[in-house]
Amino acid sequence: MENVREELQNQSTPLYYYDLPLLRETVNVAKNAADRYGYKIHYAIKANNNSRILEEISQLGVGADCVSGAEIALAIEKGFQPAEVVFAGVGKTDKEIQLALENDILAFNVESVQEIGVISEIASSLGKVANIALRINPNVDAKTHHYITTGLDENKFGIMMHELDTCLEIIENHASLSLVGLHFHVGSQITDLNVYKRLCVKVNEWNAYFYDRGYTVPILNLGGGLGINYMEPDEESIVNFSNFFYLFHQFLELKPGQEVHFELGRSIVANCGSLISRVLYIKNGLKKNFAILDAGMTELLRPALYQAYHKVELLQEDKQIEEEEISKVRYDIVGPICESSDCFGKDVLLPELIRGDLIAIRSAGAYGEVMSSRYNLRQPLNYFYKE
Ligand SMILES: *Cc1c(COP(=O)(O)O)cnc(C)c1O
């Protein structure tokens, strides 16, 4: 976030700042790393559905992972190929299923027996064949926050083990259904690659299970969840995609002709976005100093929702004074919303702040803008795109 203060000085805040060159570089690095092994990436649109972001990503030749009909429609409108769209989610409505079928998407990631039945009915009424990927719950602990752990037996996601045979039976008996893949997703913000190693072991077992029963499943979809470095967004602005994909190359045992797909959200968009805010007031308490911003949990919910860490920075003049010469103060960085959880960070060490200072809350490109709300009748966001 160097040299942006000047550019942002006259902008209205709170504002989402998007670094489009960094976004493009991130997608290209990810895509090149995946291409090395012939792997395919679907960008998980739920992480950020900003039109500019979608237009940029779709131009770079990755597919889309959608979790609603509206996401499917928007993905296609913003340039993603319908044949490269996958549709996930435990609660797909009839209307959404119909829209997906009409657009001939690549696959439905299916999560229950009943859902398969409904997709089959709608597909046959439209004279279509629905491509099905069964979402298997691999029971791998993602070792991440429990709100973003999805691959354990106790989570609501995926086909229940005891329902699997019924699923296969339904698929076999319906010409409107075609089994094209197995889908796995264990959680989000996963930074320990051992989690993915354990996932590979489970995927290999499942892959063998289907293969031994005579099912050739062309697509293995390993989901998303690759975590980013929230602590040091400048030192590691792009995650090590090479290591990530190499791990799968090492540990996945593919059957002949199988493709491997990934659904990456956060690792693609998190670091290209920052929430920019102005200091409204400084309040010096008895025990603490508070910096009250004009942005809050309504603009970036992650800290309030799951105690997420975001680096908080003061945007300074270009000519930086020597670090040691600046006197630093600890602040609780809070928003204006009437909730105690409306706090971006506690005891954050920053140069002494004054009213009007510009603050950057970093790595806000994923699950930031998309989770913003109108609570307290907050006004629409402002944007700045670095071209
Ligand atoms: C949310 C989600 C993703 C993307 O997760 P990230 O952590 O943002 O990479 C991928 N697949 C599924 C099924 C999801 O629900």
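I take helices and strands as DSSP runs, helices of at least four residues and strands of at least two, numbered from the N terminus. The model I am reading is predicted.

**Entry 1: Lys92**

I looked up Lys92 and placed it in the loop between strand 4 (85–87) and helix 5 (94–102). Its relative accessible area is 11%, so I list Lys92 as buried, the cut-off being under 20%. I then asked which partners the side chain of Lys92 reaches. One is the backbone oxygen of Gly89, at 2.8 Å. Another is the side chain of Glu115, through a polar contact of 2.6 Å. Beyond four places in sequence, I found Lys92 in contact with Phe87, Ile97, Phe108, Asn109, Val110, Glu111 and Glu115.

**Entry 2: the ligand shell**

I counted 14 residues around the ligand, and the closest are Lys46, Ser188, Glu263, Arg266 and Tyr367. By class, I noted 3 nonpolar, 6 polar and 5 charged residues in the shell. I checked N and O distances next. An oxygen atom of the ligand lies 2.8 Å from a side-chain N or O atom of Lys46. A ligand oxygen is also 2.8 Å from a polar backbone atom of Arg266. For Asp65, I read 3.4 Å between a nitrogen atom of the ligand and an N or O atom of the side chain. The ligand alone exposes 390 Å², of which the protein buries 93%.

**Entry 3: Lys46**

I went back to Lys46 for its setting. The residue is in the loop between strand 2 (40–44) and helix 3 (51–59). In the UniProt record, an unreviewed entry, Lys46 carries the feature "modified residue: N6-(pyridoxal phosphate)lysine". I list Lys46 as partly exposed because its relative accessible area is 36%.

**Entry 4: backbone geometry**

I kept one general point in mind: most residues other than glycine have a negative phi, and most peptide bonds are trans.

The peptide bond from Thr13 to Pro14 is cis, with omega near 0°. I placed Pro14 in the loop between helix 1 (5–8) and strand 1 (15–19).

Gln307 has a positive phi, near 50°. I found Gln307 in the loop between helix 11 (302–306) and strand 12 (312–314). Its relative accessibility is 61%, so I count Gln307 as exposed.

Asn376 also has a positive phi, near 70°. I placed Asn376 in the loop between strand 15 (358–361) and strand 16 (382–386). At a relative accessible area of 36%, Asn376 is partly exposed.

Notes. Residues are numbered from 1 along each chain as its sequence is written. This is a predicted model: local features need pLDDT of at least 70, side-chain atom pairs count only at pLDDT 80 or more; totals for chains, interfaces and linings use all residues. Side-chain values use heavy atoms; hydrogens and water are left out. A residue is near a molecule or strand if one of its heavy atoms lies within 4 Å of it. A polar contact is a pair of N or O atoms within 3.5 Å; within protein, one must be able to donate a hydrogen and the other to accept it, and residues adjacent in sequence count only if both atoms are side-chain atoms. Accessible areas come from the Shrake-Rupley method with a 1.4 Å probe; for residues, only the protein chains shown count as cover. Ala, Val, Leu, Ile, Met, Phe, Trp, Tyr, Cys and Pro count as nonpolar, Asp, Glu, Lys and Arg as charged, and the others, Gly among them, as polar. UniProt positions are given in the numbering used here, feature names are shortened, and annotations may be inferred rather than shown by experiment. Buried means under 20% relative accessible area, exposed over 50%, partly exposed in between (1.4 Å probe, protein chains only). Contact means heavy atoms within 4.5 Å.
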